[in-house]
Each structure stands twice: as C-alpha cells, then as structure tokens.
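Trainee: I am new to this structure. Could you take me through it and say what each term rests on?

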Amino acid sequence: MQEDTKFSLYYTPLCGYCTMVRRTIARLGIEDQIELRDANQSEHGEALFAARGRHTVPVLRIEEEGKDEWMPESRDIMRYLETRFGDGQPPRGGGGGGGFFDRLQMPVTIGMWLLFGAGLIFSNAQQPLWFAAMALGALRAISRAWATHGLVHVGIAGLFVLGAGAIFARWQLGVDLPWWWAVYLFAGVLFAAGLALRLRARREQSPA
Ligand SMILES: N[C@@H](CCC(=O)N[C@@H](CS)C(=O)NCC(=O)O)C(=O)O
C-alpha cells in the first residue's frame, strides 16, 4: 500500500525547521521513501508556490490514492511521519514537539518586548532592562537553535549572545563598544521580522 504513495519533502538547505524534519526522517530510517526537493531549485520552488501560494518550507507532499496533499508546518509533518512510520509517539525535542520550550516561546517574546519598552521609558534603568531583554532573547534563540540545528537559528542565537554581552560590558564594566547600537538595531529588525512571520503563519493557518 505504502508503495503506491509518493512522499516528497520540499525544503531548503539552510532552513532549521527543515533540518528538524530531516532529522526525524533519518531517525525513522525512511530516507529512501521520501524524496527531498530543494525549493531553491526553480522547478521545485515553482511547484511549491503554485500549490500553496507561498514559498514557506518545509512542506511534505503526499500523493496517495489520487489525492495530492501538501502538508506545511514542521511539527505537523514530524507528527504525521512519527504516526505513519514510527511508534506513533510525538516527536521529542524543544522546538518541534510542542514541548516545554516551545510553549515558552510566546511569553518570552512578549517579555522581551516589554523589557525593551520599559528600557525606553525608564532611561535610568535602561542598561539592566535591555540586558535582561537581550538575555531572554538569547535564551529563546538558543533553545530554538538547539531544537532545529538550523544554521540561521544558530547564527541568530550567536548574535543575541553577542548583544547581551555588549550591553553587559557597557552596563557593568563601562566599556562603550562602538557597535552596540548596531546590535540593538539588528535585534529590533529580528523582532519585527519574527512578529511578521508569526502573523503570516497565523493567517496561513486560519483558512481551511
Ligand atoms: N512554523 C513553520 C515555520 C517555517 C518557516 O519559517 N520557514 C522559513 C525557513 S526556515 C521559510 O520558509 N521562510 C520563507 C517564507 O516563509 O517565504 C514550521 O515550523 O514549519
């Protein structure tokens, strides 16, 4: 029966969520049953966009019994693969399984924003407040990088650690690193991008 089903995973090499799904595939030993399609290659990227109207990866395509299903969301894909090919247990690991760290992502993100905002209002306590915000950001980024092993997520985690270190050096040691403002700016851009992605993902999930 399974032989009649064709599975393809649309992914990109640098995407951490895709790496997470690929680790599940490797763990289940089903590499030979799932064709990997790099969405950076135009034929695959175009097919993905034609089917879904967006380029977001990972997406598992399931062609079965005349149906052609495109399944987005790394953790849904992992859960599906576990159920279909594994022991049916939910996947382990922070970012992928809806576990403890996963549930912390949203409160931690809100906490970061509040601490940054508070730093703007209470300028006499700006350094500790912004340090706390950066430290929270670093923890969040590290937990995500830990879960996905994605190169981009590891890079973001490194930048947050650098930012927290820069603010700490300024606050506690009085060292004025000339590039500290660039770190704030970068963190701001990341927050805004993260928020935009989250809103888009929510929009993507809401229609049936
Ligand atoms: N919540 C999604 C996140 C997927 C995601 O953000 N994918 C990124 C790459 S790591 C992406 O495709 N970004 C480009 C886009 O959305 O067009 C999941 O877990 O699968």
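Mentor: Start with helix H6. His-153, Ile-156, Ala-157, Phe-160, Gly-163, Ala-164, Ala-166 and Ile-167 are buried in H6. Keep in mind that this is a predicted model.

Trainee: How do you know that the span of H6 agrees with its 22 residues?

Mentor: H6 covers residues 151-172, and at 1.5 Å a residue it should span 32 Å. Its end C-alpha atoms are 31 Å apart, so the two values agree. After H6 comes Gly-174, with a positive phi near 70°.

Trainee: What span is expected for H3, and what does it reach?

Mentor: For the 12 residues of H3, 16 Å is expected at 1.5 Å a residue, and the distance from first C-alpha to last is close to that, at 16 Å. Buried in H3 are Ser-74, Arg-75, Ile-77, Met-78, Arg-79 and Leu-81. The buried residues of H3 pack against H1, E3 and strand E4 (67-72).

Trainee: Which residues touch the most other members of the largest nonpolar core?

Mentor: That core has 20 residues, and Leu-9, Tyr-10, Tyr-11, Cys-18, Val-21 and Val-57 touch the most other members. At least two core residues each come from strand E1 (6-11), helix H1 (16-28), strand E3 (59-64) and helix H3 (74-85). H1 gives the largest share, five residues.

Trainee: Which residues come nearest to the ligand?

Mentor: Cys-15, Tyr-17, His-55, Thr-56 and Ser-74 come nearest, out of 13 residues around the ligand. H1, H3 and helix H7 (180-205) each give two or more residues to this shell.

Trainee: How do the residues of the shell divide into nonpolar, polar and charged?

Mentor: Six are nonpolar, four polar and three charged.

Definitions and conventions. Residues are numbered from 1 along each chain as its sequence is written. This is a predicted model: local features need pLDDT of at least 70, side-chain atom pairs count only at pLDDT 80 or more; totals for chains, interfaces and linings use all residues. A nonpolar core is a set of buried Ala, Val, Leu, Ile, Met, Phe, Trp, Tyr and Cys residues joined through C-beta atoms within 7 Å. A residue is buried if 20 or more other C-beta atoms lie within 10 Å of its own, exposed if 12 or fewer, and partly exposed in between; C-beta atoms are placed from the backbone. Helices (H or I, at least four residues) and strands (E, at least two) are DSSP runs, numbered from the N terminus. A residue is near a molecule or strand if its C-beta atom, placed from the backbone, lies within 6 Å of it. Ala, Val, Leu, Ile, Met, Phe, Trp, Tyr, Cys and Pro count as nonpolar, Asp, Glu, Lys and Arg as charged, and the others, Gly among them, as polar. The expected span of a helix is 1.5 Å times one less than its number of residues. Two residues are in contact if their C-beta atoms, placed from the backbone, lie within 7 Å.
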